[in-house]
Amino acid sequence: MAEQVAAMCEQLIKAVNVMMDAETSQIYRLEALKFCEEFKETSSLCVPCGLQLADKAQPAVVRHFGLQILEHVIKFRWNNMQQQEKVQLKECAMQLLSNGTRTILEEESHIKDALSRIVVEMIKREWPQNWPDMLTEMEALTSQGEAQTELVMLILLRLAEDVITFQTLPSQRRRDIQHMLTQKMENIFSFMIAILHINIEDYRKQVTHCRVAVATLNTLAGYIDWVSLVHITFRNCHLLEMLCLLLSEPELQLEAAECLLIAMSRKGKLDERKPFMLLFDDVAIHYILSAAQSADGLVVERRYIFLKRLCQVLCAMSVQLCSLVGSDVEVEIPANLSKYMEAILAFTTHSSQFLKSTTLPTWGALFRHETLSKDAVVVEMATKYLRVSMTNLVKGGFPSRDDNPSCEYSRVDFDSDEDFNSFFNSFRAQQGVVLRSACRIVPLEAFQIAAEWLQYQIATKTAEGLCSLLSPSVVQWDAMTVFMECVVSQILKNLEEEVMNMELLQAVLNYDSKDPLILSFVIHYYIIFRSVKNVRRHASSSIIKICRDYPQFILPCFDMFYNHVKKLFSSEASLTHMEKFSLMEALVLISNQFKDFAKQKAFIDELMASVVADWTSDEMRLALWDPVAFLSFVGADQVVTESQSTDTDTVSLNRGRLCFCLYAMLAVVKRAHWPADLEEAKAGGFVVGYSPAGAPIYRNPCTAQFHVLLPNLLALIRTHHSLFMPENMSRLSETFSRAHEVMDAEKNVVLGLSQHSLDIYVSPVYRSSLERMQGFFTSVYENCFQILGNAGLSLQQEFYTIERLAEGIAGSAFVSLDHVPDHRLRTMIHILICFLRSINKSTLSSANSSLKVSPLFFPSQTIYMSLLTLSFTLLSWKDTTNCHRSASVVCWTLLRPVSGNLLPEAVSWFYTSVLRGLQVHGQHEVCNSTLCQLAMLIYENLRPRYIELRTVMTQIPNISVDALDQYDKRLMDPKAQKLGEKKRKDQFKKLIAGTVGKALCQQFRKEVHIRNLPSLFKKPKPDKDLVQSSEALGLAALFSPEHDAL
């Protein structure tokens, strides 16, 4: 036997060395791996070989493999082992714990981990029933030295993780172990705290004690998360106080902070959490404040992680504080609240942008708290926070730069400038929320700070030349604009000093700068612009926003505004097409306030007169209805050299005319609307009748214009689709042969790529003819579908009653689809989505309270069935997101209207598609839930008419036919007892459980089987015979003989 073991161990050692040797070829490595795996699976020498290989005289890699063999035996052979073999293996494992390792500093961490796994696997199978003295034996091991103590801590930690955190045991075994852990928790906690206390006292003298203390803190962290709060707060929160003291110890502060964070994040009854207020006492807050105020310095990874944990501890303390103060528990505001807030402020002023952002929820909670927000300390701190925000709002700290102290920290927290830019945008938005809360507490101080900052910016001279986005003056204006927006929106109504407001406004109006970026901020907006053209675009969008949000205030000035716009249109002012239709859109928004149908219609007719004339002209009609003429009209069939003029040629003007007409149509169709108030709509002549359900039927003042424009719009869509046909693709000139390809900007969007955050985002001064043509085709195509989609939303009933609308859409949007590239087809989604949104609003569905999709709303029955088939097909695509969306929203919505007119084979196919989706995605909880719900809807609604569904069900692996019969009986028999929805769902889920597939990572995993042990002994309740009881019962007394006389 010994010779066999020695020979086998020699072979195993050779195999392990072959596997781990970097020079070994792949073939030999695979052969060695196969030999080792076959040995673990089949050999009867696993235990003796494993013990021999695990001897501490062996190299670490060999020892680790030996421990792996022992773990494999316990996990997969334990149930078949004799009791004597189990006891022997357990004794051997305890011997390895006792004297099978090197000293605590010499031993490899992966050896310690493997050895702790072996013991935990045995505990999971035998404790407490068959190994009642396990905890006693572990405690005894700690007396043998630091190495054994560390191993015991690793065992206790892994046991808690497997049983509580990951729950890798059968439910019965997990309950048994958790019950015993809970029962012994007072002793376990006392034991761990005692170990921690001993090793803290000596850790400065000897490094080994530090290692044990770290292991003990890590183990405590694994228990603090779930044990009863009584164990955390016992002896007047002695544990929490000890952890606070350790915050000043560099070797232990990180682990101590993690324990504190877990403890302070605990939920529970308020009276149980009341002892947490101890952390606001003098000693604890002193150590916390000292650690926080020494936060800045060199970026050392471990130190920085500690600062993050400490910051999170402070934030968790605020959650406890806000929950307890002002509650029924009657907790006073801490006397050390100012020290606590100074600690928070220290992190808010730290160079790390991540640490600053971590404190924001705490500031917000304190400023919004009903009681704390009125405290003098918080009020004073609100002013300090406002001044700190002036610095924090300034965008800086890009990882690729070195112009800010934050840059070094950003290189640790962010992978790229794009990541930082995305983070900072979110960070600034969160700051805005907190700023508004602070302004409610100190409104006057907030306005004074904002005014001082604005006056300083106005008085500061900018450097000569144009600024970039990262110029100091630009980033200051950017931050100040955000600050001013937050402050003014909250506190302007509370100030009586209107003179100050007018002075500031006058100062802004008098400010003179030639830099377009600075001018953009003076216009008081967030968006950063790069050229004079963009400043004008900025002004246009500002006008639209004002007219959208405050049209009632602009209405008195409408005539003046309209006359000014007409002068701009008729003068030689170089307005771009974008600026023109932006002004038209603003005018339409104001006209909605007329609340007079005739007046608004007359205005829109006048506004759109030139557009209608141009759009319906013979020249435009000829171009829009014929692909060949269209290509010539826009110049796509012409060869263009880069030296040619591109600004004054005829085809450029034609493209501009076409785009302007489409943008103007979209602006009017999207913005023209009737009054929201029904009475105002009736008075203004917008209501033309009522549906059978009593819902009002409205008319839109732009409907007449849309009817005139629609034929050429549909013709343009049909022509655009025809452009992708081979004969028309061949007509593209050499210059524009790639005009229909995906634009570079669209490629970046699809690939998830964004421009570099430090780019100045300036559009090239010169764009090639091909790039301009690509942009033209893209915008024309998308605008056509945007107009159609918004027409359904805005016109509603008037849109769907247009004569021969379905034929018109089918003959334009759905022609030549075989030739249209996929990246163009996504634009058609606008039609479907907007149609579905508007159907529920229109009178077509006003008689129903819910949205019902019908094939009648689709131009073609073939299209409807194609969509229906596609929605069920993609359930089995390897795309969980689309599977969930289709199963939860689309499939049943499309199937229900046609469910009574399908062939049995079609019904079987639809149902099988759902089950196939479960086979592919069933291991994902979200997909499993939606697919099971869909399968149940189909089965319960269609099973009475299609018996073929039962045939499909009987083919499911491991299905219980009896259970299926019972389910069918309840479903089909009207007299059968009906179960609640939850019980029906659970039963149906069990029926189709055999279709749920395993994830790829689980398909080849060997199952671990842990047997249940006899239930823990529970003392039975004593039986009490009420009849023989000597106690006088009221019921017996009522019928006693002495009451017969009554």
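Analyst: One definition to start: axes are lines fitted to C-alpha atoms, for helices over the stretch in contact, and angles run from 0 to 180 degrees between N-to-C directions. Helices (H or I, at least four residues) are DSSP runs, numbered from the N terminus. This is a predicted model, where local features need pLDDT of at least 70, side-chain atom pairs count only at pLDDT 80 or more, and totals for chains, interfaces and linings use all residues. Residues are numbered from 1 along each chain as its sequence is written, and side-chain values use heavy atoms, with hydrogens and water left out.

User: At what angle do helix 1 and helix 3 pack?
Analyst: About 60°, with the axes 10 Å apart. Helix 1 covers residues 2-20 and helix 3 covers residues 46-53. That makes helix 1 oblique to helix 3. For the cut-offs, angles under 35 degrees are roughly parallel, over 145 roughly antiparallel, 65 to 115 roughly perpendicular, and the rest oblique.

User: Which residues make the contact?
Analyst: From helix 1, Val 5, Ala 6, Met 8, Cys 9, Leu 12 and Ile 13. From helix 3, Pro 48, Cys 49, Gln 52 and Leu 53. Contact means heavy atoms within 4.5 Å.

User: How many are nonpolar, polar or charged?
Analyst: Nine nonpolar, one polar and no charged residues. Ala, Val, Leu, Ile, Met, Phe, Trp, Tyr, Cys and Pro count as nonpolar, Asp, Glu, Lys and Arg as charged, and the others, Gly among them, as polar.

User: Next pair. What is the packing angle of helix 12 and helix 13?
Analyst: About 140°, with the axes 8 Å apart. Helix 12 is residues 229-246, and helix 13 is residues 253-264. Helix 12 brings Ile 232, Leu 240, Leu 243, Cys 244 and Leu 246 to the contact. Helix 13 brings Gln 253, Ala 256, Cys 259, Leu 260 and Ala 263. By class, that is nine nonpolar, one polar and no charged.

User: And how do helix 47 and helix 49 pack?
Analyst: At about 60°, with axes 10 Å apart; helix 49 is residues 961-972. That makes helix 47 oblique to helix 49. Met 936, Tyr 939 and Glu 940 of helix 47 meet Leu 964, Tyr 967, Asp 968 and Leu 971 of helix 49. This contact has five nonpolar, no polar and two charged residues.

User: What does Ile 938 touch?
Analyst: Phe 872, Trp 892, Leu 895, Tyr 911, Val 914, Arg 943 and Leu 949, not counting residues up to four places away in sequence.

User: Last one. Where is Ser 400 found?
Analyst: In the loop between helix 19 (376-392) and helix 20 (406-413). Ser 400 is partly exposed, with a relative accessible area of 48%.

Technical notes: Helices (H or I, at least four residues) and strands (E, at least two) are DSSP runs, numbered from the N terminus. Buried means under 20% relative accessible area, exposed over 50%, partly exposed in between (1.4 Å probe, protein chains only).
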